[in-house]
Amino acid sequence: MYRQEEIKPYDTSREKGKQVEDMFNAIASSYDKLNHRLSWNVDRGWRNRAVKQIAPFHPRKILDIATGTGDFAMLAAKRLKPQSVTGVDISEGMMEVGKRKVEQARLGHIISFAKEDCMSLTFEDNSFDAVTAAFAIRNFADLDLGLREICRVLRPGGQASIIELTTPVHFPMRQLFNAYSHTVLPFYGRMISKDNRAYQYLTDTIAAFPQGEEMMAVFKKAGFSSARFKRLTFGICTMYLAIK
């Protein structure tokens, strides 16, 4: 078991997946504003990099895991011009926001949404050319199982392009990030979202989540043939590319 799997948003008695669903439903209306403001809009650039790294593979069918409000799915649809992008999430509240955004952007002919548990996807083996995920996999109740599911639904040679918040490894960014993530981030998150636990939980999982070289072994364990990573913005975010 990985340390972040033991961290739950609200209490220790209920199953983590259900608590994560409740948390994202609770903050859905404020999520986009908080995400962009708390990262100083740098998160947009991270998503651009993650989409760019799979562009040479020309994926036609894309699955966006834990799609949330659909930002990554919309970017992939615009930049990669695929046949389809399927956004899945356990939070219907987040996807409702995403559906409105997709309709406004007139991307409904490419992007569809479905409520799915990432621990047990309903799609057949080898269904997608690429899988994307932004700030999602550290919320998995079972990281090994969730990554195995991603690998299962990818076709042979398919790519998983993943970005995740991480802790910088070098001085002074490590110290600055720790101070920011344990003070400003949860305080501002509580103020805007009115959820006392959500952004403290997100901070706690960043610190506990395996990253960098350690994640390479996790991807291999899940069945991927190769994986690589690149730290972005002094290590605040890490971008992964895993190939089945």
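**Aromatic pairs, helix packing and selected residues**

Q: Which residues do ring pairs link into a cluster?
A: The model is a predicted one, in which local features need pLDDT of at least 70 and side-chain atom pairs count only at pLDDT 80 or more, while totals for chains, interfaces and linings use all residues. Residues are numbered from 1 along each chain as its sequence is written, and side-chain values use heavy atoms, with hydrogens and water left out. Rings of Phe, Tyr and Trp (its six-membered ring) pair if their centres lie within 6.5 Å; planes under 30 degrees apart count as stacked, over 60 as edge-to-face and the rest as tilted. By ring pairs, the cluster links Phe219, Phe224, Phe229 and Tyr240.

Q: What geometry does the pair of Phe123 and Phe128 have?
A: The structure contains five aromatic pairs. In the pair of Phe123 and Phe128, the ring centres are 5.1 Å apart and the planes are at 85°, so the pair is edge-to-face.

Q: Are Phe123 and Phe128 buried or exposed?
A: Relative accessible area decides this: under 20% is buried, over 50% exposed and in between partly exposed (1.4 Å probe, protein chains only). Both Phe123 and Phe128 are buried.

Q: What geometry does the pair of Phe219 and Tyr240 have?
A: The ring centres of Phe219 and Tyr240 lie 5.6 Å apart. Their planes are at 55°, so the pair is tilted.

Q: How many residues apart are Phe219 and Tyr240?
A: Helices (H or I, at least four residues) and strands (E, at least two) are DSSP runs, numbered from the N terminus. Phe219 is in helix 8 (residues 213-221) and Tyr240 in strand 7 (residues 237-243). Phe219 is buried, as is Tyr240. Their pair links distant parts of the chain, at a separation of 21 residues.

Q: Over the ring of which residue does the charged end of Lys61 sit?
A: A charge sits over a ring if NZ of Lys or CZ of Arg is within 6 Å of the ring centre and within 35 degrees of the ring normal. The charged end of Lys61 is 5.8 Å from the centre of the ring it sits over, that of Phe128.

Q: Around the axis of helix 2, what arc do the buried residues cover?
A: In helix 2 (residues 42-52), the buried residues are Asp43, Trp46, Arg47, Ala50 and Val51. The arc is that of the directions from the helix axis to the C-beta atoms. These residues lie on the same side of helix 2, because they cover an arc of only 135°.

Q: How does helix 2 lie relative to helix 3?
A: Axes are lines fitted to C-alpha atoms, for helices over the stretch in contact, and angles run from 0 to 180 degrees between N-to-C directions. Helix 2 packs with helix 3 (residues 71-80) at an angle of about 50°, their axes being 10 Å apart. Angles under 35 degrees count as roughly parallel, over 145 as roughly antiparallel, 65 to 115 as roughly perpendicular and the rest as oblique. Relative to helix 3, helix 2 is therefore oblique.

Q: Is the crossing of helix 2 and helix 3 left-handed or right-handed?
A: A crossing is left-handed if the near helix is turned anticlockwise from the far one by less than a right angle, and right-handed if clockwise. For helix 2 and helix 3 the crossing is right-handed.

Q: At what angle do the axes of helix 5 and helix 8 cross?
A: The crossing of helix 5 and helix 8 is right-handed. The axes of helix 5 (residues 143-153) and helix 8 come within 9 Å and cross at roughly 60°.

Q: What is the phi of His58?
A: His58 lies in the loop between helix 2 and strand 1 (61-65). With a relative accessible area of 61%, His58 is exposed. Its phi is positive, in a residue other than glycine, and is near 50°.

Q: What is the phi of Arg106?
A: The loop between helix 4 (92-104) and strand 3 (111-115) holds Arg106. Arg106 counts as exposed, at 72% relative accessibility. As a residue other than glycine, Arg106 has a positive phi near 55°.

Q: What distance separates the C-alpha atoms of Ile162 and Trp46?
A: Ile162 is placed in strand 5 (residues 154-165) and counts as buried at 1% relative accessibility. Ile162 and Trp46 are 116 residues apart along the chain, and their C-alpha atoms are separated by 10.0 Å.

Q: How far apart in space are Arg3 and Ala208, C-alpha to C-alpha?
A: Arg3 is in the segment before helix 1 (16-38) and is exposed at 54% relative accessibility. In sequence, Arg3 and Ala208 are 205 residues apart; in space, C-alpha to C-alpha, they are apart by 5.5 Å.
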